[in-house]
Amino acid sequence: MKPEDKAWNSLFVHGASRIRPGFPDRVLRATRAYASSPLFVSHFAMCAATAAVCLLAVALYNNRSSVEEDAKSLAGWNDVAAQAGELDTSL
Amino acid sequence: MDESSTIALGEKVRRAQRGDEAALRDLIVSYQHRIAGFTYAITGRSDSVEDISQMVFVKMARAIDRLKAPEQFESWLFRLARNTCIDHLRRQKLRRIFTPFAPEHENVPEPAGSVDSEELDALRHALDQLRPKDRALLALVQEGRSHAEIADSFKTSVAAVKARLHRAREQLKQFYNSDET
């Protein structure tokens, strides 16, 4: 065995010695905890859904108010047109 | 690894893929020390070996069902470990840019008694001066992974692996010898 190989071997053994007993159980516990926590994807989906609902509400409100506004303006113009018509015939 | 142990390993991996927790536990028990040694070779910090190894095995447990060739589990696991270590070092570097440590907290030495021989100490210091990717390459070869396997894992050619390995070995030798003198 070359001296470097011996040193590499000691390096691996030293690293391995840092693992405390019960490591596999800790990993399995962490895996289960990780699995039960919501994923980034689901957080992102939740944010996207909320943003979509808000946008939809704004668009609906805007559409409704502009329809009402148009109806009001049209009624006003109708009055003006009727008055102009009356004025024309009286002259 | 002989043929019968490859078959047995493949079977264990398939069981783990089907959600068998005992098989998953067996895999962790079989590889925990090798992964810890490998992690230490790349990061050079014995105080973070267990945390990084845990991260490697959690990633393994979460991704094992996507492994298409269970017989190649070992090289897949070491690739996962290599990537986790390199990510860890990258994150650590980034963190230090945004929250720099006080001078006394930079390069905290290994705890006393953690390095048990001069050779190991020299190798550790020499490795410390290499790029993390070169350290990982040397550690993979020392772990017994073939050039073809490494080339396949990192989507490169065997010739490129050999060239990088040669360069890394030369650098290591240089730093190792300068440490010893």
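**Helix α2 of chain B**

Reply: In this predicted model, helix α2 of chain B covers residues 21-43 and bends by about 50° at Y31(B). G44(B) comes after α2(B), and its phi is positive, near 70°.

Now the domain setting. Chain B is assigned two domains: domain 1 (1-113) and domain 2 (115-181). Between them, 13 residues of domain 1 of chain B are in contact with 14 residues of domain 2 of chain B. On the domain 1 side, α2 and α4 (73-98) of chain B are the elements that give two or more residues. The most comes from α4(B), with 7 residues. By type, this side of domain 1 of chain B divides into 7 nonpolar, 2 polar and 4 charged residues.

Next, the other chain. Here 29 residues of chain B are in contact with 22 residues of chain A. Three helices of chain B give two or more residues to the side that touches chain A: α2, α3 (49-63) and α5 (118-128). On this side α2(B) gives the most, with 12 residues. The side of chain B that touches chain A divides into 13 nonpolar, 9 polar and 7 charged residues.

On the side of chain B that touches chain A, α2(B) itself gives the most.

Conventions: Residues numbered from 1 in each chain as written. Chains lettered and ligands numbered in written order. Predicted model: local features only at pLDDT ≥ 70, side-chain atom pairs only at ≥ 80, totals over all residues. Bend = angle between axes of the 7 residues up to and from the residue. Helix = DSSP H or I, 4+ residues; strand = E, 2+ residues; numbered from the N terminus. Domains from an automatic or database assignment. Contact = placed C-beta atoms within 7 Å. Nonpolar A, V, L, I, M, F, W, Y, C, P; charged D, E, K, R; others polar.
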